[in-house]
Amino acid sequence: MMKIVKGPYLQRPTMDSMTIMWETSERTFSKVEVLQAERIHSGHQGNYKQPEHIIRSITNETSALIHEVTIDNLEPSTIYFYKIYAGDSVEGGPFPFKTAVRSGESFSFAVTSETGGYSGFDSTDGQINRNIFKQMSRYRPDLALFIGDVVDDGQRYEDWEQYFFGPGKELFHSTPVFSFLGNHENQGSWYYDFFAFNPPKNYYSFDYGDAHFICLDATDFIPSETYPHLNGQLHCVNPQIDFLLSDLQATTAKWKIVYFHYPPYVSGGYQVEDLRVLSPFFEQYGVDLVFNSHTIIYERSHPLRAGQVDFEQGVVYIVAGGAGAMENWLLPKREWHTSQAVAVPHFVQVVVTSDRLEVRAIDEEGRLFDTLQIRKSVEGKKSFF
Ligand SMILES: [Fe+2]
């Protein structure tokens, strides 16, 4: 019997488009309907009524198991609803989505990771993952970023449902999701099948509001054969370094946020110091935040520049090892670069406005346990609070 086995989930949000993906148990056509969102202004809840008015219907007759449909010509910063269809009798939705905000408009994103990387140690049968996804949903992020190791073994098909698409199902119906290759993704081809990032997919960048996001593939810089050391010297003939530099040179976005798996700065096990070779690029081009995971704890660095604490122009590194519970992975004492570090399951909420970034770390019970504000003047001068 035909079933929707993953999703629907959202990919590649832009100001005028959204990509919707889902997987079916049998090969079938791909069909999406976009419905107009209508607010109810009476009563005590500001909400949307059950959408009925279809404003777009897209059908791709090519039979598929993993479906990908892009809806374009939408309005920016606008809520719509969508439904998907599988075969003649199965439908999913309606679920809301929101197109990307315009420059100057605030938005928020949520960051976590290790939903699968922690699994080998997890005696709670996935409860930590479910708690983290529930807390992320409460904060209604515009985007969800995962810093890798979302599965235990990315080559195993079942893992993607068990650790990621299953516990994330409700969140992913309405929140565009980004991830990349951690070591646990294990170069699995499912990563390339399940995500709709721009080619080559293992690294990419995108704009959202006033922020520019760059995703790097740390497992390409440091493959398992040379871990924790670089695969030779990084220089400008490395296509990923070429991409990073030309991308940083080209962007005019106010905020620059980079994310990759292995942490160059963490006061715990699994620090990959060789990746500090990337820091001069981040410093030169004014990157504000770097997100890493791999070490299953939370850690935020001081602003760092040229291997020192620098509260004028430093780059802040955050290890958002979401499942977060490996206390014995922390060193006995903090390092010179550590501002805050604690081993608790968590996610990180970032609110982006035109002149500040608000960073909050929230545990699996919804408790706030760390905050940071970065303000930036029109001239680009940073202040940290
Ligand atoms: Fe990892």
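## Start at serine 57

Select serine 57. Leaving aside residues up to four places away in sequence, serine 57 touches Lys31, Val32 and Glu33. Serine 57 sits in strand E5, residues 54–71. Its relative accessibility is 44%, so serine 57 counts as partly exposed. Keep in mind that this is a predicted model.

Serine 57 and proline 96 are 39 residues apart along the chain, and their C-alpha atoms are separated by 16 Å.

## The two domains

Colour the chain by domain. The domain assignment gives domain 1 as 4–98 and domain 2 as 107–384. Their centres, taken over C-alpha atoms, are separated by 28 Å. The contact takes 19 residues from domain 1 and 22 residues from domain 2.

## Histidine 173

Go to helix H3 and pick histidine 173. Is histidine 173 buried or exposed? Histidine 173 counts as buried, because its relative accessibility is 4% and the cut-off for buried is under 20%. Show what surrounds this side chain. Not counting residues up to four places away in sequence, histidine 173 touches Gly7, Pro8, Leu10, Tyr82, Phe95 and Pro96.

Two of these names lead to the next stop. Glycine 7 and proline 8 are joined by a cis peptide bond, with omega about 5 degrees. Proline 8 is found in strand E1.

For another cis bond, jump to tyrosine 227 and proline 228. The peptide bond between them is cis, with omega near 5 degrees. Proline 228 lies in the loop between helix H5 (218–221) and helix H6 (239–250).

## Helix H2

Select residues 157–165, helix H2. Asp159, Trp160, Tyr163, Phe164 and Phe165 are buried here. They lie on the same side of H2, because they cover an arc of only 145 degrees around the axis. Show what they face. The buried residues of H2 pack against strand E1 (4–11), helix H1 (127–138), strand E9 (143–146), helix H3 (169–174), E10 and H4.

## The iron ion

Centre on the iron ion. Which protein atoms are its donors? They are Asp149 (OD), Asn183 (OD1), His261 (NE2) and His294 (ND1), lying 2.1 to 2.2 Å from the ion. The four donor atoms subtend angles of 86 to 159 degrees, so the arrangement is irregular. Along the chain the donors follow the spacing D-x33-N-x77-H-x32-H. Aspartate 149 and asparagine 183 are 34 residues apart, and the pair links distant parts of the chain.

Click aspartate 149. This residue lies in the loop between E9 and H2. Aspartate 149 is buried, with a relative accessible area of 1%. Check its backbone too: phi is positive, about 55 degrees, although aspartate 149 is not a glycine.

Now click asparagine 183, in the loop between E10 and H4. Asparagine 183 counts as partly exposed, at 30% relative accessibility.

## Serine 179

Stay in that loop, between strand E10 (177–178) and helix H4 (189–194), and select serine 179. Serine 179 is buried, with a relative accessible area of 1%. A polar atom of its side chain lies 3.4 Å from the backbone oxygen of phenylalanine 146. Among the residues that serine 179 touches, beyond those up to four places away in sequence, are Gly148, Tyr191, Tyr204 and Cys215.

## Last stop: alanine 306

Finish in the loop between strand E16 (304–305) and strand E17 (308–309), where alanine 306 lies. Alanine 306 has a positive phi, near 50 degrees, and is a residue other than glycine. At 62% relative accessibility, alanine 306 counts as exposed.

Note on methods: Residues numbered from 1 in each chain as written. Predicted model: local features only at pLDDT ≥ 70, side-chain atom pairs only at ≥ 80, totals over all residues. Heavy atoms only, no water. Helix = DSSP H or I, 4+ residues; strand = E, 2+ residues; numbered from the N terminus. Buried < 20%, exposed > 50% of the residue type's maximum accessible area, 1.4 Å probe, protein only. Polar contact = N/O pair within 3.5 Å; in protein donor to acceptor, adjacent residues only side chain to side chain. Contact = heavy atoms within 4.5 Å. Arc of directions from axis to C-beta. Donors = N, O, S within 2.8 Å, 3.2 Å for Na, K, Ca; no water. Tetrahedral: all angles 85-135°; square planar, octahedral: opposite > 155°, others 65-115°. Domains from an automatic or database assignment.
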